Amino acid sequence: MKKKDFSRLNFLAPVLVFIVIFISWETIVNVFHIPRQVLPSPVNIFKSLFDNFIPLLSSHFLITLRTILTGFVIAVPTGILLGAVLSQYKILEKAISPYVIILVTTPLIVLVPLFMLWLGFGTNVRILAVIAQAIPVIMLNSITGFNSVEKTKLELMESLGATKWQTFVKVTFPNALSHVFTGITLGGVFSTISVISAEIVGGKTGLGNRIIYFSGFIETELAFACILLVILIGVTLATSIGVVRDTVIKWKN
Amino acid sequence: MNDTIIKMQDVEKIYPTKKGPLVAVQDVNFAINKEDFVSLVGPSGCGKSTIIRILGGILDQTRGTVTYFDREFSSGVKGDILSKIGFVFQSHNLLPWLSIKKNLSLPLEIFKLSGAKWEKRIDELLEMVGLTAYKNAYPAELSSGMQQRIGVIRALVHDPEILLMDEPFGSLDSITRELLNFELLSIWQKTRKTILFITHNVEESILLSSRVFVMATNPGRIIEAIDIDLPRPRTQSISNDPRYLEYEATITGLIDQFRGVDAVEEV
């Protein structure tokens, strides 16, 4: 029974924080008469979101969502596969990993203009941005997972005379799953961030582009509404990954 | 030839280390007969685990030969002979992502043994150790004693003739350990497997074995093979047998004697 109480508390706590922030924000904006162009009140942001979603925002929302998902769906299996291959061939891992780290640490925003120079301003360049940002983080976490197998578990497979493939399927891969999911979660976050960055840098569509566009017209409420939609995408993606993870990983170590 | 089924001849294992080659075991020679229960006893670092890992196909020896039945291996035990061996690890070494049933079917899958006969064998073994109710549980849901029981029956599931046990009960509390020792004796009496059992516990080795190999360190080697001539089935009361005490004194004496020599050398 206690456990149930805790899980309810776990759910209620962040909701409570949301309510507190919402009310304080609303109060501060109203009490100090902050102009809505500077900082709109949350009530007005939500109102503007609901009023304008269909006519102004939905098409951009769908474009952004599709770009993120396309990139993500390409990046996840590629990242895991690259991680698996590199972890099994140490020399490859040694040869490539410094460049992967360079790719991860280089801010994507400096690469996007180059990509656009080569590929134009369409969605392809944004998908490329997602892939370039998400694959390395998924790959690096996967490598950590594939390398973190306990020696005794490998010895078990050796004592059974298992092949390298059998060992990978039965031990190395399931053992790596929790790290792989950490990579996928980060990959989801990075995908969202990189699409928005790419949309801000260039092009005329997508939520990132709309944030800049509406800010330019001092339509702050609409800009905030777009930010809310970005958050919605990010949170939904992270939560869905969490649900998949908990369905796949049913055991405790 | 008699009924020798495991033989090591002049086996040596050298590990390369940063400080240069380290001789883990040297001049290891022994033969184990069918249905024997042999213990390998010695202080830590004497190479007990190295020997059993070479026998289990986990390590390759640097020199010497291992013979199973009539098959000689000069560079590591490999291939289908492994299906005649069951290996029990120090830790239970179950795979946490597989249910107990799946853990027990792992050797069957690798050795390509399928069919109702083998499915039934899993159930029988679970019944033997009283864990039928946990068939679909994950290892983390079991106590450490239960986990180690599953570790033991996993090594039996493909019905091997030989059981290699690397300090299997070393990590358990003394009560559970004693219980499992007697369970192991009854399993051995029922199935007549040939067992090589590693321990650093002298009492355990006398209680279980028909022969005890005593090892010393620097380099790891077998210094004495002692036949344990005590009646079976053995019970707790065996420790009152004067011959038991004699064996204990002899083995402990041997271990201390050789440890003493090392200690003097180190000064």
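Predicted model: local features only at pLDDT ≥ 70, side-chain atom pairs only at ≥ 80, totals over all residues.
Of the 253 residues that make up chain A, 42% count as buried. The C-alpha trace of chain A extends over about 75 × 60 × 30 Å along its principal axes. When contacts in chain A between residues at least 6 apart in sequence are considered, 74% of them join residues at least 24 apart.

Chain A is split into domain 1 (1-33) and domain 2 (41-248). Five residues from domain 1 of chain A and six residues from domain 2 of chain A take part in the contact between these domains. Their C-alpha centres are 29 Å apart. Between domain 1 and domain 2 of chain A about 480 Å² is buried, and carbon and sulfur atoms account for 84% of that area. A trio of residues stands out on the domain 1 side: A:Phe22, A:Trp25 and A:Glu26 provide 82% of the area that domain 1 of chain A buries against domain 2 of chain A, more than any other three residues. Zero salt bridges are counted between domain 1 and domain 2 of chain A, while two residue pairs are in polar contact across this interface, both at pLDDT 80 or more. The side of domain 1 of chain A that touches domain 2 of chain A comprises four nonpolar, no polar and one charged residues.

Attention now turns to the meeting of the two chains. The contact draws 20 residues from chain B and 19 residues from chain A. Together, chain B and chain A bury about 1900 Å², with 66% of this area on carbon and sulfur atoms. Two salt bridges are found across the interface of chain B and chain A. A:Lys170 pairs with B:Glu109 in a salt bridge whose closest N and O atoms are 2.6 Å apart. The interface of chain B and chain A also has four residue pairs in polar contact, both residues being at pLDDT 80 or more. On the side of chain B that touches chain A, helix H2 (residues 100-110) of chain B gives the most, with four residues. Sorted by class, this side of chain B holds 14 nonpolar, three polar and three charged residues.

Over all chains, the structure holds 24 salt bridges. Side chains of opposite charge can pair when their charged atoms come close. Within chain A, the side chains of A:Lys90 and A:Glu93 form a salt bridge at 3.7 Å, N to O. Because A:Lys90 and A:Glu93 are three residues apart in helix H3 (residues 90-105) of chain A, about one helical turn separates them. A:Lys90 is partly exposed, with a relative accessible area of 42%, whereas A:Glu93 counts as buried at 18% relative accessibility.

The side chains of B:Arg63 and B:Glu12 meet at 2.7 Å, N to O, in a salt bridge. This pair links distant parts of the chain, with B:Arg63 in strand S4 (residues 63-68) of chain B and B:Glu12 in strand S1 (residues 4-17) of chain B, 51 residues apart. B:Arg63 is partly exposed at 47% relative accessibility, but B:Glu12 is buried, with a relative accessible area of 10%. In a further salt bridge, the closest N and O atoms of B:Asp36 and B:Arg211 are 3.7 Å apart. Here too distant parts of the chain are linked: B:Asp36 lies in the loop between strand S2 (20-33) and strand S3 (37-41) of chain B, and B:Arg211 lies in strand S9 (residues 211-216) of chain B, 175 residues apart. Both B:Asp36 and B:Arg211 are buried.

B:Arg71 sits in strand S5 (residues 71-73) of chain B and is partly exposed, with a relative accessible area of 33%. Leaving aside residues up to four places away in sequence, B:Arg71 touches B:Val66, B:Lys78, B:Asp80 and B:Ile81. With B:Asp80, the contact includes a polar one between the two side chains, at 3.0 Å. The C-alpha atoms of B:Arg71 and B:Leu208, 137 residues apart along the chain, are separated by 28 Å.

Conventions. Residues numbered from 1 in each chain as written. Chains lettered and ligands numbered in written order. Heavy atoms only, no water. Domains from an automatic or database assignment. Contact = heavy atoms within 4.5 Å. Buried area = accessible area lost by both parts, 1.4 Å probe. Salt bridge = Lys/Arg side-chain N within 4 Å of Asp/Glu carboxyl O. Polar contact = N/O pair within 3.5 Å; in protein donor to acceptor, adjacent residues only side chain to side chain. Nonpolar A, V, L, I, M, F, W, Y, C, P; charged D, E, K, R; others polar. Buried < 20%, exposed > 50% of the residue type's maximum accessible area, 1.4 Å probe, protein only. Helix = DSSP H or I, 4+ residues; strand = E, 2+ residues; numbered from the N terminus.
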